[in-house]
Protein chains: 2
Amino acid sequence: MFLLNGEHRHCVDVSDRGFQYGDGLFETVEVLQGKPLFFDRHLKRLAEGCRRLLIPMPDSALFEAEARQLSESSDRAVLKLMVTRGSGGRGYRQPDQIIPTRLFSLHPYPDYPQHFQVDGIAARFCDQRLSLNPSLAGIKHMNRLEQILARAEWQDDSIQEGLMLDTQDRVVEGTMSNLFIVKSGNLYTPSLGQCGVAGIVRELIMEFAQRIKLPLFEQPVDQAAVLQADELFVSNSVIGIWPIKRLEARVFKVGVITRRLQDLLNTARMAEV
Amino acid sequence: MFLLNGEHRHCVDVSDRGFQYGDGLFETVEVLQGKPLFFDRHLKRLAEGCRRLLIPMPDSALFEAEARQLSESSDRAVLKLMVTRGSGGRGYRQPDQIIPTRLFSLHPYPDYPQHFQVDGIAARFCDQRLSLNPSLAGIKHMNRLEQILARAEWQDDSIQEGLMLDTQDRVVEGTMSNLFIVKSGNLYTPSLGQCGVAGIVRELIMEFAQRIKLPLFEQPVDQAAVLQADELFVSNSVIGIWPIKRLEARVFKVGVITRRLQDLLNTARMAEV
């Protein structure tokens, strides 16, 4: 199911700058019992991305209506929202008047085994690095070749996620998730000021930590810190929180802090429906 | 005029990874008297890009036939060729079987004033940096937000190009061109091993230099070297060679080496038709 600029179409003009240059942003939203969860937060991040990329954001009332329209008959699904700079301009130069393209698409919720969340997943370190560019850091833009190349490094279905380092050897995030470390009762997550995507669930987890007075540190993280963690997990809007039980040769237990945060996330999700 | 997978269509499915993630490559080719110029070189660069991005390149005979078909009735035009990874896969993960999308589009040749080539252009330094990532350096991929943000920095029509530095303060190229410096009878061009696009005309100029025994140095270049140049010019397949007559506060003459290279390029272009 698709809504392209409000119409049931799924074919975009090749002149759209989203196609030509990846000139746009997207949001990936969990739909549960007909509701797009944490949608106001997703819209807020989209608005920040539009501001950073100089794309005029369409009226959020339009987004809310279309999101509801697509979501209401789904018990569980994934709603994707894309906004591009539309067509026009000469080469990289943007058009004088920007008419953004907006696309909603509804997808089946992936059939992940329950044990990913309960027992944890296996992960690896990727060779492909994240490049550093503060202009593009944190926002969910459509230039995703680095993630594509990182994901292409493994076909082994027993590995669910790959962790990416930046070009200065800091561990930043997974190809499609954010990363958290628990060590000695403290929670750590890599800072995203130079690369990476600031996830909605990451934002929620950081708020939960404050609420339950779990000491939280947003800072650069190196491989040693990751491998020496007491607990390790990744997060995004579709998977929620997946503990990491195995990373390269190292094995991790699913710890109490991870479980606590999973519970808090589930409570927050239920409060949305 | 468009040929999308061989058909006269200009609407692409929104599931195409070129739209979703900028997952693809492009070539911008000068058409002169019905001929796409230096097409074998463009195909060679495209093949290298496909190899680097793990996209199976469609048969080049197909490209040649379609390029000819679109170009033959144009006295002067710009032919754009795009290849994406097509649709499929889950998220960043590529499909097991990749069916690339190929798109040819023909565009009017831009109405640049003749004096850009004869007298030179005005340029500026951009604030937006090029990030460093060897995996993506040199190839003409579709993730172009950095160039878009750089170009958005100025609307002043009296400035034709912006020069971009990388995140380690090296001057690399223009937003849509490569950069050359002449100093004390030597030719310099920034190395592109960490970022930038290795242009076809840049490649030709480097061959001309060897042919006429003009000493050529491909190396890191800083702002001081650019501002202290005897001669300065930019190049791409559509503009050819544009001398820079003004860069920020500095003024440059159009020198004899620049003129020589423009002549050699024109001769090479004429030999193609």
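Two strands are said to pair if DSSP finds at least two bridges between them, and the strands themselves, like the helices, are DSSP runs numbered from the N terminus, with at least two residues (E) for a strand and at least four (H or I) for a helix. With that convention in place, I shall describe the sheets first and then the interface of the two chains.

A word on the source: this is a predicted model, in which local features need pLDDT of at least 70 and side-chain atom pairs count only at pLDDT 80 or more, while totals for chains, interfaces and linings use all residues. Residues are numbered from 1 along each chain as its sequence is written, chains are lettered from A and ligands numbered from 1 in the order in which they are written, and side-chain values use heavy atoms, with hydrogens and water left out.

Let me begin with chain A. Its open sheet has five strands, in the order S1-S6-S5-S3-S4, and the pairing is antiparallel. At the edges are S1 (2-4) and S4 (35-36) of chain A, each of which pairs on one side only. S1(A) is joined to S6(A), residues 101-108, by three bridges in the antiparallel sense, and within this pair Phe2(A) stands opposite Ser105(A).

For the angles, axes are lines fitted to C-alpha atoms, for helices over the stretch in contact, and the values run from 0 to 180 degrees between N-to-C directions; contact means heavy atoms within 4.5 Å. H2(A) lies across S3, S4, S5 and S6 of chain A and runs at about 175 degrees to S3(A). H3(A), residues 60-71, touches S1, S3, S4, S5 and S6 of chain A, and its direction makes about 25 degrees with that of S6(A).

Turning to chain B, we find an open sheet of five strands in the order S1-S6-S5-S3-S4, with antiparallel pairing. Here S3(B), residues 24-32, pairs with S4(B) over two bridges in the antiparallel sense, and Leu32(B) has Lys35(B) as its bridge partner. H2(B), residues 39-53, runs at about 175 degrees to S3(B), and H3(B), residues 60-71, runs at about 25 degrees to S6(B).

Chain A also contains a hairpin. Its strands, S8(A) (residues 161-165) and S9(A) (residues 171-174), run antiparallel and are joined by three bridges. Met164(A) stands opposite Glu173(A). Five residues lie between the strands, and Asp169(A) takes a positive phi near 70 degrees in this hairpin.

Now to the interface. How many residues of chain A are in contact with chain B? There are 56, and they meet 56 residues of chain B. The two chains bury about 4,600 Å² between them, 61% of it on carbon and sulfur atoms; buried area is the accessible area (1.4 Å probe) that two parts lose on being put together, summed over both. In chain A, the residues that lose the most area to chain B are Phe19(A), Tyr92(A) and Leu145(A), together 18% of what that side buries.

Strands also pair across the interface. S2(A) and S2(B), residues 11-13 in chain B, run antiparallel and are joined by three bridges, with Val12(A) and Val12(B) as bridge partners.

Next, the polar side. Between chain A and chain B there are 26 residue pairs in polar contact, both residues being at pLDDT 80 or more. A polar contact is a pair of N or O atoms within 3.5 Å; within protein, one must be able to donate a hydrogen and the other to accept it, and residues adjacent in sequence count only if both atoms are side-chain atoms. H5(A) gives the most to the side of chain A that touches chain B, with six residues.

Finally, salt bridges, each a side-chain nitrogen of Lys or Arg within 4 Å of a carboxyl oxygen of Asp or Glu. Arg90(A) forms one with Asp111(B), the closest N and O atoms being 3.2 Å apart. Arg93(B) and Asp157(A) meet in a salt bridge at 3.1 Å, N to O. This last pair crosses between chains, from the loop between S5 and S6 of chain B to the loop between H5 and S8 of chain A.
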